[in-house]
Structures are given as C-alpha cells and as structure tokens.
Amino acid sequence: MTAPTPHDSAALFDRTPVHDRSPLEPLRESEAVRVRETLALLPPEAQTVLDVGCGQGKLLARIERPHVFGTDLGRVGLKHATRPVFRSSMLHLPLGDASIDVVLCAEVLEHLPPDLVGPACRELWRVARRSVLVTVPHRENLLEASHRCPDCGTVFHLHGHQQSFDATKLRGLFPAEAGVVERYAWKSRVYAESLLRLRTHRLGLWKYSPHTFCPRCGRSTFENHERRVLYRLVGGVNQLLHPRRTHDNWLLMRFDK
Ligand SMILES: [Zn+2]
C-alpha cells in the first residue's frame, strides 16, 4: 500500500470526540477482553503503576493498586481522567530512573512514527523499576482501517496507526536480557490481502470513521462507503474465504527487569 501520511495522534484525539468522554462508559466486548487480559498481566506485588498514553483513562480507572497515575500528550482525554494525570511527551517522562514499579503503554506505540518507537521504548524502560507492559494491535494490516481523502488523495489510517507489530518486532525494542511474558487477546477475521486491495485501490471503497481527518489537507467529513452494496459484497466474499475468526487481534507483552 501507499505509506500512510504521518498522523499526529495527540492532535487527532484532541480534535475529535474519541477521547472526549468518560472513562467509565461501558467498554465494547473486544475492548473489555483486552483490558481484562492487560490487568491480569500486572505483577501482584506492583504498588505503583503509570499508564503512558492513557487518553481519558479507561484503563487507568480499572487498575486497582495503591498508586496509579497516567500521562498523555493530548489534553482533551486528560480532563476526564478519574485518577491523577499529568501531560507529557512519552519521549521525556518527568520521572526518575526506576521510579515506577510497572510502566504500562497500551495501544500507543502503533501511533508513533517508526523512528520514534525505539526512543519511546527506551524511556519506558528507564522509568520502570520492575516491568514495562505493552499492548499493541497484532500484525494489523493498516490498509484495512484506512481511508483515501477525496480532496488530496492521501491514504491514511482512520485512527492514526502508523505501523504494525508482531512479537519479534516488539521484543527487539527492549533489552535482550529482559524477561518476557507474551499473551494475545481477542480473535478477529483475516481480510484477504487481494480482496482488500480490490476493495480499496481498485473499487475506491474505504473504511469509514466519523471521528478522523486527513493528516495532509485537514478534511474531516468523508462518505461512509461501508453502506455501499459493493463494500458489503467484498466483505461477504471474504467471510466465505475466512468463515472463522482466527487472527490474534492484540499482542500483550510484559518485559521484566
Ligand atoms: Zn486530504
């Protein structure tokens, strides 16, 4: 696919209502499963937990530990947080070395430009006393949740994802001596690459979100192609090819010092 234009995710979340809501709203089933599996990976003895890229604090609100706080670069989410939060870049956390038992970073790394992921993970590792716990979409095909701007032709991921991860890639971002716990959460359906290319680049039918904007020209309203018969038809063919949900949707990895 065409490489997506970099999307400033903090700006995306500040300009759309995605983070402008209570963290206590009920979670979608898939999200509830991911949150449950993430919380299960917190070491029992951890007293202090920092959630880096906490958004409005959906995960934060559900962590039951004595000292829980979060940080994010976006401003809108932070005002909804039910736990102590501060605004900062994850590249420069205003905290001492090994000052937090567990540093959590859930659904954040995929939003970073590729060259910033290494420095970001080094910063998470620096601040962690015991563990860094990371969750990311697992082997996401970025084309699946992308849209093409009708004004400028830019293909961009609706939620600002800029890269996808597997366990090997994530493992390589942390020191070789780290202990690793690897888990997966939720099963999704694979979308055949050939059908995806047919639907998008050939037929011009793209996934839709009301809460996004083109990172190049700023356009923010797009046609919902998901209502089109042809969009559904291609999806139906894919469902015949892949009747079962077999893809591990989220990768959760804990790196221990
Ligand atoms: Zn555009």
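View 1. Of the 40 residues in the largest nonpolar core, Val103, Leu104, Cys105 and Leu109 are the ones that touch the most other members. A nonpolar core here is a set of buried Ala, Val, Leu, Ile, Met, Phe, Trp, Tyr and Cys residues joined through C-beta atoms within 7 Å. Buried means that 20 or more other C-beta atoms lie within 10 Å of a residue's own; 12 or fewer makes it exposed, anything in between partly exposed, and the C-beta atoms are placed from the backbone. Two or more residues come from each of strand 1, strand 4, helix 3 (114-127), strand 5 (128-137) and strand 9 (247-256). Strand 4 is the top contributor, giving 6 residues to this core. Helices (H or I, at least four residues) and strands (E, at least two) are DSSP runs, numbered from the N terminus. Keep in mind that this is a predicted model: local features need pLDDT of at least 70, side-chain atom pairs count only at pLDDT 80 or more, and totals for chains, interfaces and linings use all residues. Residue numbers start from 1 along each chain as its sequence is written.

View 2. Skip the neighbours within four places in sequence, and cysteine 105 is in contact with Val52, Gly53, Leu124, Val132 and Val134. Contact means that the C-beta atoms of two residues, placed from the backbone, lie within 7 Å. There is also a second, separate core of 5 residues, with Ala10, Leu12, Phe13 and Leu73 among them. As a rule, nonpolar side chains in soluble globular proteins tend to be buried together.

**View 3. Strand 1 between its two partners.** Strand 1 (residues 48-52) is mostly covered, with 4 of its 5 residues buried. Strand 1 pairs with strand 2 (residues 67-72) in the parallel sense over 5 bridges, and with strand 4 (residues 100-106), again in the parallel sense, over 3 bridges. Pairing requires DSSP to find at least two bridges between two strands. To find your way around, look for leucine 50, whose bridge partner in strand 2 is phenylalanine 69. Valine 49 has valine 102 as its bridge partner in strand 4, and aspartate 51 stands opposite leucine 104 in that strand.

View 4. Axes are lines fitted to C-alpha atoms, for helices over the stretch in contact, and angles run from 0 to 180 degrees between N-to-C directions.

**View 5. The antiparallel part of the sheet.** Strand 9 pairs in the antiparallel sense with strand 5 over 7 bridges, and with strand 8, also antiparallel, over 9 bridges. Valine 132 has phenylalanine 255 in strand 9 as its bridge partner. For lysine 187, the bridge partner in strand 9 is aspartate 248.

**View 6. Helix 5 against helix 6.** The axes of helix 5 (residues 193-202) and helix 6 (residues 229-241) come within 10 Å and cross at roughly 180°. The two helices are therefore roughly antiparallel, a label for angles over 145 degrees; under 35 counts as roughly parallel, 65 to 115 as roughly perpendicular and the rest as oblique. Leu195, Leu198 and Arg199 of helix 5 meet Tyr231, Val234, Val237 and Asn238 of helix 6. Valine 234 is buried, with 21 other C-beta atoms within 10 Å. Its C-alpha lies 8.3 Å from that of leucine 196, although valine 234 and leucine 196 are 38 residues apart in sequence.

**View 7. Two loop residues with positive phi.** Alanine 98 is not a glycine, yet has a positive phi of about 50°; look for alanine 98 in the loop between strand 3 and strand 4. Alanine 98 counts as partly exposed, because it has 13 C-beta neighbours inside 10 Å. Arginine 139 also has a positive phi of about 50° without being a glycine, and belongs to the loop between strand 5 and strand 6 (146-148).
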